[in-house]
Amino acid sequence: MPSTVFVICTHLHYAHVLNIRECINARMVVQKTELDFALSPHPLFAHLYDASMAEELPFETVEGDVELLAGIKLHHFGGHTPGSQGVAVRTHQGQAVISGMCTTQKNFDPPLGVAHTPVLACGIHVDPIQSYEAIARIKRMADIILPNHDTRLLEGMK
Ligand SMILES: [Zn+2]
């Protein structure tokens with residue numbers, strides 16, 4: 001019996017789904033608000049989306065916080081995009097959270113002297129306050145934070 005492969009789309013900025021057409025047998029999961037926005041993006045953000053991809057692919061949508069599989073939960077955060085979602089995975093080392101936003105570790109632990117807040121909103125956002133609150137929420141809930149744009153991920157989090 002073939003196993004089911006999921007592609008969890010944290011959001012639909014083209015940089016995050018560039019090769020998704022290659023995943024022909026996968027179930028593609030995205031927040032409904034994100035798919036709706038990708039189908040008709042605000043002009044300020046339209047250059048970050050490929051509306052034809054959003055129209056053509058058989059996305060499955062979820063709304064809000066959803067347990068996709070045992071130990072794997074999707075969290076709607078918003079802020080970066082209307083439907084940004086993170087992925088929390090229960091591991092032996094604790095709860096790991098993929099931020100789902102264009103972030104680095106500096107968003108979660110700003111260097112001293114650079115920020116006057118405990119976290120920083122991501123640089124691109126549709127709602128900076130929601131982005132800030134999402135990053136603060138991830139910092140509270142995660143034992144292991146996996147920021148999407150942190151180059152250390154490519155090096156195995158050294
Ligand atoms: Zn993004």
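Predicted model: local features only at pLDDT ≥ 70, side-chain atom pairs only at ≥ 80, totals over all residues.
1. K32 has a relative accessible area of 33%, which makes it partly exposed. D36 is also classed as partly exposed, at 37%.

2. Next come D50 and R21, a salt bridge in which the closest N and O atoms are 3.6 Å apart. D50 is in the loop between α2 (32–39) and α3 (51–56), while R21 is in the loop between α1 and β2 (27–31), so the bridge ties together parts that are 29 residues apart in sequence. D50 counts as partly exposed because its relative accessibility is 28%, and R21 is partly exposed at 37%. The pair also belongs to a network of salt bridges that links R21, D50 and E56. Over the model, the count comes to 6 salt bridges.

3. Which residues donate to the zinc ion? The protein donors are H11 through NE2, H13 through ND1, H80 through NE2 and C102 through SG, at 2.1 to 2.5 Å from the zinc ion. Their spacing in sequence reads H-x1-H-x66-H-x21-C. Two of these residues bring distant parts of the chain together: H11 lies in the loop between β1 (6–8) and α1 (14–17), and C102 in the loop between β7 (94–98) and α4 (105–108), 91 residues apart.

4. Why is the arrangement around the zinc ion irregular? The 4 donor atoms subtend angles of 85 to 142°, whereas a tetrahedral assignment needs all angles between 85 and 135 degrees. As for accessibility, H11 is buried because its relative value is 0%. C102 is buried as well, with a relative accessible area of 18%; the cut-off for buried is under 20%.

5. Another histidine to check is H75, in strand β5. H75 counts as buried, since its relative accessibility is 6%. Its side chain makes a polar contact of 3.4 Å with the side chain of D65. Leaving aside residues up to four places away in sequence, H75 touches D65, S84, Q85, G86, A88, R137 and M141.

6. Finally, helix α5 (residues 128–141) passes a simple geometry check. Its 14 residues should span 20 Å at 1.5 Å a residue, and the end C-alpha atoms are 20 Å apart, so the two agree. At the start of α5, a side-chain oxygen of D127 comes to within 3.1 Å of the backbone nitrogen of I129. The buried residues of the helix are S131, A134, I135, A136, I138 and M141. Their cover includes strands β5 (72–76), β6 (85–91), β7 and β8 (144–146), along with helix α4. M141, one of these buried residues, is also among the residues that H75 touches.

Technical notes: Residues numbered from 1 in each chain as written. Heavy atoms only, no water. Donors = N, O, S within 2.8 Å, 3.2 Å for Na, K, Ca; no water. Tetrahedral: all angles 85-135°; square planar, octahedral: opposite > 155°, others 65-115°. Helix = DSSP H or I, 4+ residues; strand = E, 2+ residues; numbered from the N terminus. Buried < 20%, exposed > 50% of the residue type's maximum accessible area, 1.4 Å probe, protein only. Expected span 1.5 Å × (residues − 1). Contact = heavy atoms within 4.5 Å. Polar contact = N/O pair within 3.5 Å; in protein donor to acceptor, adjacent residues only side chain to side chain. Salt bridge = Lys/Arg side-chain N within 4 Å of Asp/Glu carboxyl O.
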